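Open the model in your viewer and keep the selection tool at hand. The tour goes one stop at a time.

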Amino acid sequence: MKKYIDTGKKDTRSGFGVGLLEAGKADARVVALTADLKGSLKMDAFAAEFPERFIQCGIAEANMVGAAAGLAITGKVPFIGSFAEFVTGRVYDQVRQEVAYGKTNVKIASSHAGITLGEDGATHQTMEDIALMRALPEMVVINPCDFNQTKNATIAAAKYVGPVYLRFGRPSVPNFTPENEEFVIGKAQVMNEGKDVTIVACGHLVWEALQAAEILEAEGICAEVINMATIKPLDEETLLTSAVKTKAVVVAEEHNMAGGLGEAVAGVFARALPTPVEFVNGKDLFGQTGTPSALMEAYGLDAQHIAAAARKVITRK
Amino acid sequence: MYSNEKLQEISTQVRRDILRMVCKAKSGHPGGSMSSTDILTALYFNVMKHDPATWTRDGKGQDMFILSAGHMTPVYYSVLSRAGYFPVEELGTFRTFGARLQGHPSIRKGLPGVFQASGSLGQGLSAACGLALGKKMDKDDNRVWCLCGDGESEEGQIWEAGMFAVFHKLDNLVAMTDWNGKQIDGPVSEVSGEGDLAAKWEAWGWNVIVAEGHDFDSIQQAFELAKAGKGSGKPTMILFKTEMGHGVDFMAGTHKWHGSVPKPEQLEDALKQLGETSLGDF
Ligand SMILES: Cc1ncc(C[n+]2csc(CCOP(=O)(O)OP(=O)(O)O)c2C)c(N)n1
Ligand SMILES: [Mg+2]
């Protein structure tokens, strides 16, 4: 199978920070807002380079969303940044009214998503954010797989006109995609071609999916791996083309079973090409305190669990 | 009543616990924990009417406490354990997988003393309002106490709760602000321009008391005044002037220690500065 090299673990939020600075250099309309999490969102470099375009909002996320919408109406391209829970669940109605319904050009930078936020525990570990954002009409939902792709997706989000939800995380994860590959919103990437089973993943679970494909290869199972970095709009064509060939699908995501990538993908197959699907996700559970790797294992999100789901779905063909 | 000397000894031990917990877990929030240590020590050991042995989540017949600034779990857990809610040794499990001592207060692991989950800032004062109103409806004469951060007070919901508490005459509610002037990104004045907190709460219709949060006489006096507020028809806010990282010279007065973990040699230095107590480490 195609070999991917981890060029060194990096946190995806730093990819956002680098992308934000680049986007800011390319377009003077780009502004950044945070609610007392400048460092956590890696906005320091942007704030140092463009102090007049960096807006500290204090710990007041609801106001930040509304203010960003106002700035967008005046022609700015605002990126608002906080922890994933606090730019979605905490302010769902503000995002719905001011950003989505209001059709304002606001980019929601959502860090520390999922359980791999780690030790802070369930109050901060949102596993529901994709569901919330996906449910909003026309909202673009992106969950890139590594540092490089988060940087490139940030640049793409700045260029795109309309609301974008950009999800990334806290821990360092393998960095394996090309440094300067253009991110095309709505286009999935076939990372490895296969014929026996399709594994669709988003976020850092794409790396786990590739590891799972290696485990399966050793067993004589040839897995196709799709990086579904854009969860909405969903690249149905790539999904259907793959499943016509493999006839069995696994979807892996760091998210609750309800409303995430898994249900989005299953919806496509239910409608257009009935195909057995197995799910690797956070089930219907809240998170808890622990190290990212302990939690990945405990919640069944790692490569071993993806491989097990692949073996199972193949028996259902 | 514990003497000031005894309270000081407990506080010193609590600060030792905070630092040792955060260092062992390699994560957590020592800064605000150390600024609110003396307040919570005095509250749990001298002021609150509570009994760990008969504690239940509904708080019937006892005072209740909500940590609205949920990141200050190191001080909260240390004070709870030192007050007898659970074994002191359990402090060593802070932030580990499966522990009752979750990173932020959780009711899901059954830790005695915790009434409500918190950590998403700005929500605890509303819960405290509900507890206080519930006690009034039940004719339960006990009080509800709630600790907020000054950065946390930038959340709009804090002010919604402020309005509710006055409208419903919650004079059995005592809120406290750990007024350390610091939050994650810097001094509060540079992050949000907090303005005059005392004038704001007064304008909202609260009894406002300003006290020195590291002086047990001042703390005790403030609590007595707050308790006397019952019957006034108004909720009370105590603004405790404190210092982030208080008690250790290199941690004191800077936002850098909001959520940073001391290195091993810094821990050693800090523990030496604090000194040992007769209570002993966990
Ligand atoms: C709704 C929400 N937004 C952001 C955060 C992240 N956060 C945790 S603590 C903190 C700063 C709190 O400042 P303060 O209340 O003054 O506490 P101190 O820094 O003094 O401990 C922030 C922004 C959060 N926990 N909840
Ligand atoms: Mg503070």
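How far does a polar side-chain atom of His71(B) lie from an oxygen atom of ligand 1, and what is the number in Å? Select both and check: the distance is 2.8 Å. Bear in mind that this is a predicted model.

**Stop 1**

An N or O atom in the side chain of His124(A) is 3.3 Å from a nitrogen atom of ligand 1. Taken alone, ligand 1 exposes 590 Å², and the protein buries 99% of that.

**Stop 2: the shell**

Select the residues around ligand 1; there are 23. Those that come nearest are Glu61(A), His71(B), Asp150(B), Asn180(B) and His258(B). Color the shell by class: six residues are nonpolar, ten polar and seven charged. Then color by chain. Residues from chains A and B surround the ligand, so the site is shared between chains.

**Stop 3: the pocket**

Ligand 1 sits in the largest pocket.

**Stop 4: where the chains meet**

Hide the ligand and show the two chains. On chain B, 27 residues are in contact with 23 residues of chain A. Together the chains bury about 1900 Å² between them, with 49% of it on carbon and sulfur atoms. Finish by selecting Phe97(B), Glu155(B) and Asp185(B). These supply 30% of the area that chain B buries against chain A, more than any other three residues.

Note on methods: Residues are numbered from 1 along each chain as its sequence is written. Chains are lettered from A and ligands numbered from 1 in the order in which they are written. This is a predicted model: local features need pLDDT of at least 70, side-chain atom pairs count only at pLDDT 80 or more; totals for chains, interfaces and linings use all residues. Side-chain values use heavy atoms; hydrogens and water are left out. A residue is near a molecule or strand if one of its heavy atoms lies within 4 Å of it. A polar contact is a pair of N or O atoms within 3.5 Å; within protein, one must be able to donate a hydrogen and the other to accept it, and residues adjacent in sequence count only if both atoms are side-chain atoms. Accessible areas come from the Shrake-Rupley method with a 1.4 Å probe; for residues, only the protein chains shown count as cover. On a 1 Å grid over the protein atoms alone, a cavity is a set of points where a 1.4 Å probe fits but cannot get out, and a pocket is an open set with protein on both sides within 12 Å along at least five of seven lines; lining residues have an atom within 4 Å of a point. A molecule sits in a cavity or pocket if more than half of its atoms lie within 2 Å of its grid points. Ala, Val, Leu, Ile, Met, Phe, Trp, Tyr, Cys and Pro count as nonpolar, Asp, Glu, Lys and Arg as charged, and the others, Gly among them, as polar. Contact means heavy atoms within 4.5 Å. Buried area is the accessible area (1.4 Å probe) that two parts lose on being put together, summed over both.
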